[in-house]
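Hi,

Here is the structure I promised to pass on to you. Have a look at it first, and then read on for what turned up among its charged residues.

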Amino acid sequence: MSDVTVITGAGGGMGLACIDAFAGRGHLVLVDVSEQRVAAALAAAATAAGARATGQVCDVTDPAAVADTFDTVRGLGELRSLVHTVGLSPTMADGRRVLDVDLVGAARVLEAATALVVPGTAAVFVSSMAGHVVLWPELDPVLDEPLEPGFLDRVEAGVPALDGATGYVLAKRGVIRLCERWARAWGGRGGRLVSISPGLIDTDMGRLELDHEPMMAAMAEATPVRRPGTGVLPGLPSDIAQLAAFLCSDAASFISGCDILVDGGLVGANNHPGAPA
């Protein structure tokens, strides 16, 4: 039986970068919402050195599809790594839909994966620096139970207006808390669980937000770390993929139940506006 690495959202910018980063680490199960996106992921795996891959179509808002995905994993071997990159950005859908995909979907994937955790299993869930914005702390207990019946209704009742941006911030905060809360259960099985909060990353989704949200350009300009060769959006998908690969390795065996910002220092800079420039 093989070691298995699951990459969700495998046809997106971060997912494709993860294929390169995890190539050679056992069998890759490349998961995405459509045949077209799965085909793109499999094409990338075909050119990645050492990659062996299986494609799986899965809508994370469909419990049966998520269950089928992890049945596939069970049939291939032991779950060693999971990188969950699936998500909608604020301009892609309304707040309820963003929450359903970004948080409820993540919880559903986490719940299904937990049954397959063995000693050495590690998972990384992609959140966002937006998850570090605390809008309504009184909603945290609601965000902690995304699989409860009526979850979306309770969130909507607790905010003035549940638009895409609000849904995104709440969903990404919920993902961070999800990984914190489930780390104990994973640790009891010998596994680890971490979230990553990217900043402004140069992906199709990032460029979509840049086109629709004028504030994005100012945020990019305010990001302390700028490197030669990067565009308006200063982060690269490989920044996320390489960190995910490290976090799923034995070198990170004491890291669990926390969030890691990969934002070029933007959140820290915003927290200290009077600091030296």
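Aspartate 140 and arginine 173 are both buried in this predicted model. The two form a salt bridge, with their closest N and O atoms 2.6 Å apart. Their pairing links distant parts of the chain: aspartate 140 sits in helix H5 (residues 140–143) and arginine 173 in helix H7, 33 residues apart. Both also belong to a network of salt bridges that includes Asp144, Glu145, Arg177 and Arg181.

Helix H7 has another pair to show you. Lysine 172 forms a salt bridge with aspartate 102, the closest N and O atoms being 4.0 Å apart. Since lysine 172 lies in helix H7 (residues 164–188) and aspartate 102 in helix H4, this pair ties together parts that are 70 residues apart in sequence. Lysine 172 is buried, at a relative accessible area of 4%, and aspartate 102 is buried too, at 1%.

Next, please look at aspartate 239, which forms a salt bridge with arginine 227 at 2.7 Å between the closest N and O atoms. Here arginine 227 is partly exposed, with a relative accessible area of 32%. In total, the model has 15 salt bridges.

And which residue is buried yet has no salt bridge? That is arginine 108, whose nearest side chain of opposite charge, aspartate 100, is 4.9 Å away. Arginine 108 is found in helix H4 (residues 95–114), and its side chain reaches the backbone oxygen of threonine 61 at 3.5 Å. Beyond its neighbours within four places in sequence, arginine 108 is in contact with residues including Val60, Pro63 and Leu147.

Enjoy exploring!

Definitions and conventions: Residues are numbered from 1 along each chain as its sequence is written. This is a predicted model: local features need pLDDT of at least 70, side-chain atom pairs count only at pLDDT 80 or more; totals for chains, interfaces and linings use all residues. Side-chain values use heavy atoms; hydrogens and water are left out. Helices (H or I, at least four residues) and strands (E, at least two) are DSSP runs, numbered from the N terminus. Buried means under 20% relative accessible area, exposed over 50%, partly exposed in between (1.4 Å probe, protein chains only). Lys and Arg count as positive and Asp and Glu as negative; His and the chain ends are not counted. A polar contact is a pair of N or O atoms within 3.5 Å; within protein, one must be able to donate a hydrogen and the other to accept it, and residues adjacent in sequence count only if both atoms are side-chain atoms. Contact means heavy atoms within 4.5 Å.
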